[in-house]
Every structure is written in structure tokens, then in C-alpha cells.
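Thanks for coming. I will go through one model this morning and keep it brief.

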Amino acid sequence: MRLVIARCSVDYVGRLDAHLPMADRLIMVKADGSVSVHADDRAYKPLNWMTPPCSLVEESIVDIDGDDTGELLWVVENPKGEQLRITIEQLHDEKSFHLGEDPGLVKDGVESHLQELLAEHITTLGEDYSLVRREYPTPIGPVDLLAKTPDGVSVAVEVKRRGGIDGVEQLTRYLELLNRDELLKPVVGVFAAQEIKPQARTLAEDRGIRCVVLDYDELRGIESNELRLF
């Protein structure tokens with residue numbers, strides 16, 4: 001990534017013409033070839049930009065006599081012939097960085113992370129519970145967690161961020177298949193989620209499935225701000 005802070009004007013030449021008068025701005029040139037021009041008061045949105053694929057040509061500006069004026073012209077052009085013409089009157093600062101490949105956004109609290117945390121803290125479901133494995137395979141897909149009670153009873157656990165009726169139905173199908181396995185049965189079910197809808201709770205309890213509400217911060221070892229009596 002190349003970051004340039006400069007006093008510049010910008011002209012867009014294409015389907016519509018647009019002009020930004022001379023002012024101090026930030027110009028970003030990314031590794032993918034995109035160029036964007038930013039002010040200091042528009043949050044993340046650029047004033048003008050050119051998305052890839054595009055080319056960037058930099059040249060000095062000369063006067064009528066052919067003398068260098070000290071100004072620069074950047075011509076950014078895409079395959080359609082549209083241009084972003086950036087005239088740099090004064091270059092204040094310039095930095096280049098190699099950021100490498102970005103791993104992408106990881107949302108905090110997604111189901112896979114909840115599953116991982118619950119697997120690490122399986123005793124959240126009950127004292128002396130033990131984990132058999134994550135993603136226990138069945139013919140219709142993997143059960144999120146398979147655990148054992150201290151008495152050796154198998155427990156199939158479905159983990160959701162927000163537990164609805166669909167999740168209960170899914171766990172019901174898993175239980176039906178797992179209870180056909182002579183080595184596993186009897187298998188009981190636990191529906192675990194950060195939030196369980198009332199209809200889902202009613203259906204689960206009607207089918208003998210225990211509901212457990214997960215405290216995400218507690219699983220991560222972060223003390224909750226919620227006031228408690230004890």
C-alpha cells in the first residue's frame with residue numbers, strides 16, 4: 001500500500017465529469033491497483049476513486065517553455081477509457097507498506113467459535129462431563145459435539161448463536177440416528193445457544209431435549225458486567 005499526503009486537485013473524466021479543487025488530501029494506492037482520494041472529514045468513503053483493473057502513469061508537469069513546474073500529474077485509467085487525473089501541487093509526505101495477504105473478517109461469536117469454546121469448557125453442560133469429539137459424523141451431517149456424562153450416557157450437542165425451531169428439528173434428526181447405534185445409545189440431546197427462542201425451547205423440552213443458554217464472555221474467561229446477587 002502506498003499512502004500519499006499532498007495538496008492536489010482531481011478531475012474525473014468518463015461518463016460524467018467531476019472536479020475536486022486544490023486542497024490537502026490523502027491518496028491511497030493499493031496493491032490491487034485501485035486508487036482512492038480521501039478528505040479528513042468523510043469517514044471511510046473516498047471523494048473519488050478508480051477500481052481495478054486500472055493503470056497509473058505519473059509524469060512531471062512542464063510549462064509552455066518546457067520547464068519543470070515541480071507539479072506532478074497522475075493519470076489513472078481503466079479499460080473503459082475513464083480517467084482519474086490527479087494534479088499534485090505539493091507533496092507533503094509519502095509512505096509505502098507491504099501488508100501481505102489479509103485473512104479476512106472473522107466475526108466474533110460465530111457458531112464455529114462457540115462450538116470450539118464449548119468443547120474446551122464442556123463442563124458448562126454439567127459437572128464431570130467429558131468431550132468425545134467435535135463434529136461427530138452421521139449420515140445426514142456432523143453433530144456439533146458429542147459428550148459423555150459421568151455415568152457414561154452419550155450427549156449430542158447442537159450449538160447455535162440464536163436457537164430456533166430449525167435447530168431443534170436438526171438435533172432431533174441426529175438423535176434419531178444416533179440412538180440406532182448400539183454402542184452409543186441411549187443418546188440424549190442438548191440444545192445450546194446464546195439465545196433460545198421461546199417456541200424452540202418449548203419444542204425442545206417437549207422432545208426431552210435440554211436447553212442451555214451460553215454466556216459467550218464467560219466461555220472466553222471474561223467476567224460479565226451483569227449484576228449478580230451471588
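I will take the sheet and then the cores.

Some conventions, to begin with. This is a predicted model, in which local features need pLDDT of at least 70 and side-chain atom pairs count only at pLDDT 80 or more, while totals for chains, interfaces and linings use all residues. Residues are numbered from 1 along each chain as its sequence is written, and side-chain values use heavy atoms, with hydrogens and water left out.

Now the sheet. Seven strands form an open sheet with antiparallel pairing, in the order E4-E3-E2-E1-E7-E6-E5. Strands are DSSP E runs of at least two residues and helices are H or I runs of at least four, numbered from the N terminus; two strands pair if DSSP finds at least two bridges between them. At the edges are E4 (48-50) and E5 (55-62), each pairing on one side only. Strands E6 (residues 68-77) and E7 (residues 83-96) run antiparallel and are joined by six bridges. Glu-77 stands opposite Gln-83 in E7.

Next, the cores. A nonpolar core here is a set of buried Ala, Val, Leu, Ile, Met, Phe, Trp, Tyr and Cys residues joined through side-chain atoms within 4.5 Å, where buried means under 20% relative accessible area with a 1.4 Å probe, protein chains only. The largest has 19 residues, and Ala-156, Val-168, Leu-178, Phe-191 and Ile-209 have the most contacts inside it. Elements giving two or more residues to this core are strand E9 (143-148), helix H2 (165-178), strand E11 (187-196) and helix H3 (198-206). H2 gives the most, five residues. Apart from this core lies another, of 18 residues, including Leu-114 and Val-155.

How values were computed: Buried means under 20% relative accessible area, exposed over 50%, partly exposed in between (1.4 Å probe, protein chains only).
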